[in-house]
Amino acid sequence: MRRITAAALGAGVSAAASAALRRRPPGGATRWDRRNFRGRSVSVLGGLAAACSSVAAGAVGAALTGPARGSASLGATLATAAAGAFGAVDDLDPDPASTRGLRGHVRALAAGRLTTGGLKLIGISGCAVVAALLLTDTGRRGDRPGPPVALRALDVLTSGALIAGTANLVNLFDLRPGRGLKATSMIAVPLTAVGGRTGTMAAAATGVVAGSWRSDLGEETMLGDTGANALGALVGSALAVHPRVVVRIASLGAVVFLIAASEKVSFSAVIADSPVLRAVDSWGRLP
C-alpha cells in the first residue's frame, strides 16, 4: 500500500504540476522552449514538472517507511530539489559546446572558470553527500550500535556519489524522447520489489515516470537537465538506501563506468547499432 501511495503521488503531482506550469509558465513559455533532435519545438516545463513531483513523491516515499523518517524525508527533498534547481540553471543558461561533458567542466574549473555545468557538478555533488547523511541516518542499523566513524564517513561519501552519479547518468541518457524515462524505469521498477525505504522511493520514481510518459514520448515536453537530474537523484537515493552493501557498491561501479564510457563513446550510436536496444529505445515514440 505504501508503494502504491508513493507511485500515485508521483504520477498525480507530475500531472498537476505540468498543467499548472503550462497555464502560468515562469518567465513565459518561450523561455522554456527548446528544439529536440528532430527540430521540433518542445518545452522543458515537462522537466520542471517532473522535478517538482520527484521532490514531493521522494519526500513522502522516504517518510513512509523505516526509522528516522524526518531525516530521510529531508534528505530526499535536498537530493531531488538541489538536482532539479542546479539542472534548471544549466537549462536556462547552457554552456557553449566546447565546455560540455564532465571533462569539459573539470577542465574549465581547473582553469579557474566556473561554467553552469561546473556549478551543477559541484552543487549536486555537495548536496548529495549531505542528503546521503540524512537518508542513511540509522537507516542501515535500526536500533543496533552504529559503525565506526571512518566506515560511516565512507558509507555517506559512497552513497552521496551514487545519488549524484545517477542524477548525471539519467541526464546523459536523455537525448531522445522517453530515453531518460526508460533508463530510470530500468533502475526503479526492479527496486520496487525491495522492502523498506528503497521500495517506496523507487515506486515514487516509477510514478513520476508514468506521469511524464505521454508528453515526453509525444514530443510535447522534455526532461532537460531539470527533470533528468531530479528524477535521477530520486532513483539514486532509492539505491543509496538499499539494505545490501553489495548492491550499493555494484550500482556505484556501474554508474561510474557508464559515465566514464560516455566521455569516449556515444550512447546514441551504441543504441542505434543494437537491434534490441534500438527497439526498446524507439518503443512508444512518434514515427
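A residue is called buried when its relative accessible area is under 20%, exposed when that value is over 50%, and partly exposed in between, with a 1.4 Å probe and only the protein chains counted. By this rule E219, at 5% relative accessibility, counts as buried. The structure is a predicted model, in which local features need pLDDT of at least 70 and side-chain atom pairs count only at pLDDT 80 or more, while totals for chains, interfaces and linings use all residues. Residues are numbered from 1 along each chain as its sequence is written, and side-chain values use heavy atoms, with hydrogens and water left out.

- E219 is found in the loop between α8 and α9, where helices (H or I, at least four residues) and strands (E, at least two) are DSSP runs numbered from the N terminus.
- Although E219 is not a glycine, it has a positive phi of about 60 degrees.
- E219 forms a salt bridge with R40, with the closest N and O atoms 3.7 Å apart; the term stands for a side-chain nitrogen of Lys or Arg within 4 Å of a carboxyl oxygen of Asp or Glu.
- Because E219 lies in the loop between α8 (196-217) and α9 (224-240), and R40 in the loop between β1 (33-35) and β2 (41-43), the pair ties together parts that are 179 residues apart in sequence.
- R40, at 35% relative accessibility, counts as partly exposed.

**Other salt bridges**

- The count of salt bridges by this rule comes to ten.
- D155 and R152 meet through their side chains in a salt bridge, at 3.9 Å from N to O.
- These two residues, D155 and R152, are three residues apart in helix α6 (residues 149-173) and are therefore separated by about one helical turn.
- D155 is buried, with a relative accessible area of 16%.
- R214 and E220 form a salt bridge in which the closest N and O atoms are 3.1 Å apart, and salt bridges that share partners join R22, R214 and E220 into one network.
- Within that pair, R214 is exposed, with a relative accessible area of 58%, whereas E220 counts as partly exposed at 32% relative accessibility.

- Helix α1 (residues 2-23) has 22 residues, which at 1.5 Å a residue should span 32 Å, and its end C-alpha atoms are 32 Å apart, which agrees; the expected span is 1.5 Å times one less than the number of residues.
- The residues A6, G10, S14, A17, S18 and L21 of α1 are buried, and seen down the axis of α1 its buried residues fall within an arc of 105 degrees, so they line one face of the helix; the arc is that of the directions from the helix axis to the C-beta atoms.
- I4 and R23 are exposed on the other side of α1.
- The buried residues of α1 pack against α2 (45-64) and α8, where contact means heavy atoms within 4.5 Å.
- Helix α10 (residues 245-262) has 18 residues and reaches 26 Å from its first C-alpha to its last, close to the 26 Å expected at 1.5 Å a residue.
- Among the residues of α10, R248, S251, L252, V255, I259 and A261 are buried.
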